[in-house]
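Have a look at the chain below, then read on.

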Amino acid sequence: MPTPAVPADTPGHQPSAGLRADAERNRESILAAARRLYATEGLGVSMASVAREAGVGKATLSRRFATREDLITAVFSDRMDGYAMAVTGALADPDPWHGFTGYIQAVCAMQAADRGFADVLTMTFPAAKALEDRRTEAYDGFVELIARAKATGHLREDFTPEDLVILLMANAGVIAATGDDAPDTWRRLVGHMLRSYAAPGTAIPPLADAPTPTTLYRAMIRLGHPRPRS
């Protein structure tokens, strides 16, 4: 009598190497698809759209990533590591004001490079512990960086950590609005904000050029006719 096949989900059963390889390929395809969609369209992309982009079924997607938060954590874990490392580098700068301005510019550049990450930095995901742990680590470092920059007399005394959150929200909006037509507009916003954070008499980074009227007009037209989200 032939030996009956053992179901793949039987406890203690080890799936074949072929099945494991297929599962890993599916996982990598899903992550690559999510990175592409999140980077260009933000986190509003549906899980169904990610599955279609990856060329897998919804069931396959849900087996690899049971929740949206699971997928977001997997996609952005390396970027959140970079976010935390940026404040570590800023704290190592012997000039706290230079470290502060460099950190602000670096984090806003991270947002500009990936619209999904721009969203991640302005949202919280309580179920995504790994992301939130790194966010807390970065926040604690930034609080220390603020104190050091204030001690030099270059950072305004009324600056608070919440001001960074406000800037990141504003920057995310500018990136979403102008990223296709005037992709460097965010740099001018950040330059103006750094000027507002500086105490009187403090040296400030140069201000980036303003977008041209034509490119800004195109961005405004695009805002009036947003692309439908899947």
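## A loop residue and its partners

Let's start with Asp181, which sits in the loop between helix H8 (161–178) and helix H9 (185–197). Helices here are DSSP runs of H or I with at least four residues, strands are runs of E with at least two, and both are numbered from the N terminus. This is a predicted model, so local features need pLDDT of at least 70 and side-chain atom pairs count only at pLDDT 80 or more, while totals for chains, interfaces and linings use all residues. Residues are numbered from 1 along each chain as its sequence is written, and side-chain values use heavy atoms, with hydrogens and water left out.

Is Asp181 buried or exposed? Asp181 counts as buried because its relative accessible area is 12% (buried is under 20%, exposed over 50%, partly exposed in between, with a 1.4 Å probe and protein chains only). Its side chain makes a polar contact with the side chain of Arg222, at 2.9 Å. A polar contact is a pair of N or O atoms within 3.5 Å; within protein, one must be able to donate a hydrogen and the other to accept it, and residues adjacent in sequence count only if both atoms are side-chain atoms. Setting aside neighbours within four places in sequence, Asp181 is in contact (heavy atoms within 4.5 Å) with Thr215, Arg218, Ala219 and Arg222.

Now for Val50, in helix H2 (residues 47–54), and Ala34, in helix H1. Val50 is buried, with a relative accessible area of 0%, and Ala34 is buried at 0% as well. Leaving out residues up to four places away in sequence, Val50 touches Ile30, Ala33, Ala34, Leu37, Val45 and Leu71. On the same terms, Ala34 touches Ala39, Val50, Leu71 and Val75.

Here are two C-alpha pairs from this part of the chain.

| Pair | Apart in sequence | C-alpha to C-alpha |
|---|---|---|
| Val50 and Arg35 | 15 residues | 9.2 Å |
| Ala34 and Val75 | 41 residues | 7.1 Å |

The buried residues of H2 are Ser49, Val50, Ala51 and Ala54. After H2 comes Gly55, with a positive phi near 75 degrees.

## The whole chain

Zooming out, the protein chain has 10 helices and 0 strands. Of its 230 residues, 37% count as buried. Among contacts between residues at least 6 apart in sequence, 70% join residues at least 24 apart.

How much can you trust it? The mean pLDDT (the predictor's confidence in each residue, from 0 to 100) is 87, and 89% of residues reach 70 or more. Among the helices named, confidence is lowest in H1 (residues 17–41), at a mean of 85, and highest in H9, at 96. Over residues 1–15, pLDDT stays under 50, and the model has 4 contacts beyond four places in sequence for that stretch. Where pLDDT is low, the predicted coordinates should not be read in detail.

## A pocket lining

Which helix gives the most to the lining of the second largest pocket? That's H8, with 6 residues. By class, the lining has 12 nonpolar, 2 polar and 2 charged residues. Ala, Val, Leu, Ile, Met, Phe, Trp, Tyr, Cys and Pro count as nonpolar, Asp, Glu, Lys and Arg as charged, and the others, Gly among them, as polar.
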